[in-house]
Amino acid sequence: MKPWANKTMPAFNNHLGFVVEEWHKNHIKISAELKPEHLNRSGIPHGGFISTLLDAATALSGAHSDDPLDYKKALTLSLNINYLGQAQSNSLYAIGKVTASGRNIYYGSAEVFDSFDNIIASGQGVFRYRKA
């Protein structure tokens with residue numbers, strides 16, 4: 001069984017259909033199947049959906065915990081996004097990683113790809129751990 005399988009994800013992430021594929025210290029892979037409500041009027045993934053996927057991947061990359069039922073809590077302080085391509089499939093995945101960290105603040109980056117491994121967007125963020 002996947003060690004993160006029992007961790008309760010934020011309701012917003014569940015609502016959007018984000019699925020954790022891999023998660024370990026300083027790394028996460030999240031995927032999502034696109035639904036009509038995720039698309040803009042041109043029929044491609046909405047920039048807001050992509051930015052939310054990047055925010056989740058960058059933030060959760062630093063939130064891993066060995067506790068099988070929980071994870072560290074963090075707040076996004078800053079998020080920079082670059083849109084680089086257009087999705088050619090009906091599913092996306094994001095790979096996030098921690099790039100630097102301190103006691104209270106950490107930095108993360110992520111990239112979003114379609115199922116053909118075309119890069120769709122990249123993002124970098126700054127996050128603050130929340131107290132329990």
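Is F113 buried or exposed? With a relative accessible area of 14%, F113 is buried (buried means under 20% relative accessible area, exposed over 50%, partly exposed in between, with a 1.4 Å probe and protein chains only). The views below come from a predicted model, where local features need pLDDT of at least 70, side-chain atom pairs count only at pLDDT 80 or more, and totals for chains, interfaces and linings use all residues. Residues are numbered from 1 along each chain as its sequence is written, and side-chain values use heavy atoms, with hydrogens and water left out.

**View 1. The sheet, strand by strand.** Here six strands make an open, antiparallel sheet, in the order β1-β2-β4-β5-β6-β3. Helices (H or I, at least four residues) and strands (E, at least two) are DSSP runs, numbered from the N terminus, and two strands pair if DSSP finds at least two bridges between them. At the edges sit β1 and β3 (74-83), each pairing on one side only. On average, neighbouring strands are turned by 20° against each other, direction ignored; axes are lines fitted to C-alpha atoms, for helices over the stretch in contact, and angles run from 0 to 180 degrees between N-to-C directions.

**View 2. Where β1 meets β2, and the helix on the sheet.** The antiparallel strands β1 and β2 are joined by five bridges. Look for H24, which stands opposite H27 in β2. Helix α2 packs on the sheet and touches β1, β2, β3, β4, β5 and β6; the direction of α2 makes about 135° with that of β5. Contact here means heavy atoms within 4.5 Å.

**View 3. Inside the largest nonpolar core.** This core has 25 residues, and F18, W23, I30, L60, L92 and V112 have the most contacts inside it. A nonpolar core is a set of buried Ala, Val, Leu, Ile, Met, Phe, Trp, Tyr and Cys residues joined through side-chain atoms within 4.5 Å. At least two core residues come from each of β1 (19-24), β2 (27-33), α2 (47-61), β4 (91-101), β5 (105-114) and β6 (119-129). The biggest giver is α2, with seven residues. There's also a second, separate core of five residues, including A59, V98, Y106 and F127.

**View 4. F18 meets F49.** The whole structure holds four aromatic pairs; rings of Phe, Tyr and Trp (its six-membered ring) pair if their centres lie within 6.5 Å, and planes under 30 degrees apart count as stacked, over 60 as edge-to-face and the rest as tilted. The ring centres of F18 and F49 are 5.7 Å apart and the planes meet at 65°, so this pair is edge-to-face. F18 sits in the loop between α1 (11-16) and β1, while F49 is in helix α2, 31 residues apart. F49 is buried, with a relative accessible area of 5%. Leaving aside neighbours within four places in sequence, F49 is in contact with L16, F18, A32, L34, H38 and L92.

View 5. Y93 and F113 are stacked, 5.2 Å centre to centre with 20° between the planes. Y93 counts as buried at 16% relative accessibility. K29 lies over the face of Y93, 4.7 Å from the ring centre (a charge sits over a ring if NZ of Lys or CZ of Arg is within 6 Å of the ring centre and within 35 degrees of the ring normal).

**View 6. An aromatic cluster.** Ring pairs link Y106, F127 and Y129 here.
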